[in-house]
There are 2 protein chains.
Amino acid sequence: MKIFTAQINPTVGDLNGNVRKILDALERAKHTGSDIVLFPELTLSGYPPEDLLLDSSFIDAIEIKLEEIRLATKDLVVVLGLPRWNPRKKEKFLLNSAAIFKNRELVGFKDKTLLPTYDVFDERRYFEPGSEQFIFEHLGWRIAVTICEDLWQHSGLVDYTYYEKDPVLELKDKRPDLLLNLSSSPYYFEKKHVRLAVFSAAAKTLRCPLVFCNQVGANDQLVFDGHSFYLNEKGELIQIAKGFVEEDLIVEIDTHACPCGFLENGIRDLYSALVLGVKDYFQKQNFSHALIGLSGGIDSALVACIAKDALGAEHISAIALPSRFSSEASYLDAALLAKNLGIELKKIEIDAIFQSYLDLLKPYFGETPFDITEENLQARIRGMILMAFSNKKGSLLLNTSNKSELAMGYSTLYGDLCGALAVISDVTKLQIYELCHFLNRKTPIIPESILCKAPSAELRLNQTDQDTLPAYELLDPILEDYIERRLSLETIAEKRNISLEMVSRLIQQLHRAEYKRRQAPVGIRVTPKAFTKGRNVPIVQKWR
Amino acid sequence: MKIFTAQINPTVGDLNGNVRKILDALERAKHTGSDIVLFPELTLSGYPPEDLLLDSSFIDAIEIKLEEIRLATKDLVVVLGLPRWNPRKKEKFLLNSAAIFKNRELVGFKDKTLLPTYDVFDERRYFEPGSEQFIFEHLGWRIAVTICEDLWQHSGLVDYTYYEKDPVLELKDKRPDLLLNLSSSPYYFEKKHVRLAVFSAAAKTLRCPLVFCNQVGANDQLVFDGHSFYLNEKGELIQIAKGFVEEDLIVEIDTHACPCGFLENGIRDLYSALVLGVKDYFQKQNFSHALIGLSGGIDSALVACIAKDALGAEHISAIALPSRFSSEASYLDAALLAKNLGIELKKIEIDAIFQSYLDLLKPYFGETPFDITEENLQARIRGMILMAFSNKKGSLLLNTSNKSELAMGYSTLYGDLCGALAVISDVTKLQIYELCHFLNRKTPIIPESILCKAPSAELRLNQTDQDTLPAYELLDPILEDYIERRLSLETIAEKRNISLEMVSRLIQQLHRAEYKRRQAPVGIRVTPKAFTKGRNVPIVQKWR
């Protein structure tokens, strides 16, 4: 039994493009003599289609495209994900389904049983759960089809939720010989391990091999890492596709195949996820050129590296925008980085404009002390100049805010929060250092001085981040405890050996900055809990 | 049977404040000799609590507060909404419940059966549906308790969804003598009629009187209008509480009571909703002072009126920010409006700063023609100056973008899209005219010249909105057809008697501006489909 696992990169809503990718994969599969072609979840619509699903003409158009695909399944079994009308009159009008074709005949539909409705997932908003487990026969094999979450409950590793149904147990009596899973399982840091544990549990319980096909590519906030794989009936990994690229994983089911390991490098994967997030955000919208404000600090340095790897050095413009508070060293750092990356760097002094704002406002502000107002003015002048270049040149501004500062509101709305895409908004400051050291592992792309100096916004004299914030070594783990692990303030205080009062103060500051994050650009999600989609916290609230 | 309907205004997450309001209402109820006190849905947490529900210490704290309330129910029956732990191990760990107390004893819990998961509602994200209908006895009456959506399915008026269960039919066999409903039913334009039709159907089917208690007040985007009411067993309206204010509606159930009408004025209600939206956004965050950029146009004029009615003239600062393209007439209009409202108006010319940006950018932009870049620069200078005042004075900037321009992307990110709260972001341009005429119905508060002149952003010479956009008389109905009514492009073209090509072009323009709306301030929702919460459309998509 030969399975062609088509780890493709669909674009949400791009029916023509997605059909083309599907038909191309079928062609390639035929050339390899494969028996079954397996696609990711919701291949036809792309995942997540969100409220496009509420447009009935979208669902109707998908139905028509499905017919086009059926005709191309001669001599093949094809298992393909799509949203479809629910034939029964139920709470929701749609099903998240897999269509199974065999030599141009529809064998049937498998409807997703477990519908994740937590974190970034909102499948109950659109879909009715399927109730039956689906098995079809091919070449004497009994083949079970499942969709993503269907296999997760069994492992006990799903957070937020406890489904009453367990499709794995329901399949047990049906004794499948092979288990297929269509997924659109988004990346987060080191999720590969979690996925292997989850799917291994299903393979072991059913004592049958499992082939998992995951979507690859980025759509808005979500990055899908691919890493499709084949496990044997003992749940051991036999083959795994590359991450972050399209790949045809051709699986020959063989009970004697030797288990393989896989090279794990969490930081490398994280970097690849960020690069793919940028690349697809641009490509899927037909943009090619990015603009970055290069301060000489570590955040914009990292974003410049990511952008270069995503779009090519010739498609990146960088601008340094020093003010009276910027050190010459910062500019030299930015210039050296730009040289190392081979990207263009302009230098535009903002001090004259800053002074003209101060003069304009003097009659109103009088002798009030220099405060956040004047700091923000500088950040906003930079934002304005960058946006002027973005408008004039048709390039997209990349935002360089990191998760630690977004958490604390240590950023200026309409200033350094400008941009089309927040590249590292889900990366903490400590991880940013790790990523930079990873990039510098062979040759020092990012100048050492950028990595060594104390982080500073350079918006007032001799400012450093730690004038206002605790050390990132202290702050970042607290943020992870609260945001990702949802620990209580008491538990955090105990675990991190600091006062409850200090934890409370930081968490209160985090919640007070909610209004800023609500206006931040969409960001690439790389942890189990990012600030954009998946975290719905009221702005007006008095709990924290 | 005397029912004290406590139409109160809780704040999300404010457990102490909400308990105080509840205990105060119990005191007032005792003074009136009431038998039953009825509160809105999720009274204790405030609605919608969103992801605060995922903080287990929040649910634990609510459990403790409930005990405090139980002790205060001497000689009363109290029906109160709250989230609580699901005692059964089910998909979701929480229930959206009503606790029923009788003279300090817990009679039981009624768990919401139908959980709306569409539009602004995401209850399946948090809650498990209740399965049983609840009846308790008091003074010989059989009293059924239902929560909001529970009564909607029966009417057939729920969009997006078709529940298999119908709690009204399930209650029919139980023959209740009285039906209570706890709601947090958000306002939209003329929703009162829909609600009366929905609840009337339930009362008629069960042939029993119905008392409906709705939350009042605004939390983030949502405004709850109150308008709690009492219907007789024929489904006729007997009593209705005021909208947009807290009120104790004291209902004496009486089969001989005469039906009443109610004064309907959709535009007046819409205005009240916007005022309450601003008022609560400020009060619930302990802000008192608002800042507005007054252009002399109709949008900012309306927002100034709303702000004055919400916060008082002495708490509003307005700034006119003319450029070389602003007419003197616009400033005079702004000045007259400010005088009429009794609000302070400053005038700050932005032309010198605009020129300094042009000079700064000249070496880079050369002789490229004046385009959107230079238009945006002016809007952003205004945004920056307003934000400087906001920062220096601790006031919140009100955003004045309307729904028509937000739809079309006819607005500048980080420019006129700045602000803490988008007051009229869910109001179309045509409705803005209606609201202004409503305000001017007795005396001309808004100068006639503001209402008469052609709308213009005044960002280039002799510009009007209609240089770029179709007439609002044409555009607004198309937007409503597409956004609120979800009609197909073909249907819209036919209905509005325009070419399909033109509809397609407008809808494409609408989707292309998604990235701007994603960074717009949170806006007050006053239609069945606003751009903020409740409409999840991907930025990167190729369907439209």
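Two residues count as in contact here if their C-beta atoms, placed from the backbone, lie within 7 Å. By that rule, 69 residues of chain A are in contact with 69 residues of chain B. The model is predicted: local features need pLDDT of at least 70, side-chain atom pairs count only at pLDDT 80 or more, and totals for chains, interfaces and linings use all residues. Residues are numbered from 1 along each chain as its sequence is written, while chains are lettered from A and ligands numbered from 1 in the order in which they are written.

Start with the interface. Helices (H or I, at least four residues) and strands (E, at least two) are DSSP runs, numbered from the N terminus. On the side of chain A that touches chain B, the elements giving two or more residues are helix H2 (56-70), helix H8 (351-365), helix H9 (372-393) and helix H16 (514-518) of chain A. H9(A) gives the most, with 11 residues. By class, this side of chain A has 31 nonpolar, 18 polar and 20 charged residues. Nonpolar covers Ala, Val, Leu, Ile, Met, Phe, Trp, Tyr, Cys and Pro; charged covers Asp, Glu, Lys and Arg; the others, Gly among them, are polar.

How are the two chains related? Chain A can be laid on chain B with an RMSD of 0.0 Å by a turn of 180° and a shift of 0.0 Å along the axis. The two copies are thus related as by a two-fold rotation axis. The same surface serves both copies: 100% of the contact residues of chain A recur in chain B. The superposition is by least squares on the C-alpha atoms of residues with pLDDT of at least 70 in both copies. Of the residues of chain A, A:Gln519 comes closest to the rotation axis, with its C-alpha at 2.1 Å.

Now look at a sheet in chain A. Six strands form an open sheet in the order E5-E4-E3-E2-E1-E14, and the pairing is mixed. Two strands pair if DSSP finds at least two bridges between them. Strand E5 (105-111) and strand E14 (247-252) of chain A are the edge strands, each pairing on one side only. Neighbouring strands of this sheet are turned by 30° against each other on average, direction ignored. Strand E3 (residues 77-85) and strand E4 (residues 94-102) of chain A pair in the antiparallel sense over nine bridges. Here A:Trp85 stands opposite A:Leu94 in E4(A).

Two helices lie across this sheet's strands. Axes are lines fitted to C-alpha atoms, for helices over the stretch in contact, and angles run from 0 to 180 degrees between N-to-C directions. Helix H1 (residues 15-31) of chain A lies across strand E1 (2-7), strand E2 (36-38), E3 and E14 of chain A, running at about 145° to E2(A). H2(A) lies across E3, E4 and E5 of chain A, at about 165° to E3(A).

Chain B shows another sheet. Six strands form an open sheet in the order E6-E7-E8-E9-E12-E13 of chain B, again with mixed pairing. Strand E6 (134-138) and strand E13 (237-240) of chain B stand at the edges, each with a single partner strand, so one side of each is left without a neighbour in the sheet. Neighbouring strands of this sheet are turned by 20° against each other on average, direction ignored. Strand E12 (residues 229-231) of chain B pairs with E13(B) in the antiparallel sense over three bridges. B:Phe229 stands opposite B:Ile240 in E13(B). Helix H4 (residues 191-206) of chain B lies across strand E8 (178-183), strand E9 (210-214), E12 and E13 of chain B, running at about 150° to E9(B).

Next, a helix pair. Helix H5 (residues 266-283) and helix H6 (residues 298-311) of chain A pack at an angle of about 55°, with their axes 8 Å apart. That makes H5(A) oblique to H6(A). Angles under 35 degrees count as roughly parallel, over 145 as roughly antiparallel, 65 to 115 as roughly perpendicular and the rest as oblique. The contact is made by A:Leu274, A:Val275, A:Val278, A:Lys279 and A:Phe282 of H5(A) and A:Ile306, A:Ala307, A:Asp309, A:Ala310 and A:Leu311 of H6(A). These residues divide into eight nonpolar, no polar and two charged.

Last, the backbone. Most residues other than glycine have a negative phi, and most peptide bonds are trans. The peptide bond from A:Tyr47 to A:Pro48 is cis, with omega near -5°. A:Pro48 is found in the loop between E2 and H2 of chain A. Phi of B:Asp119 is near 50°, a positive value in a residue other than glycine.
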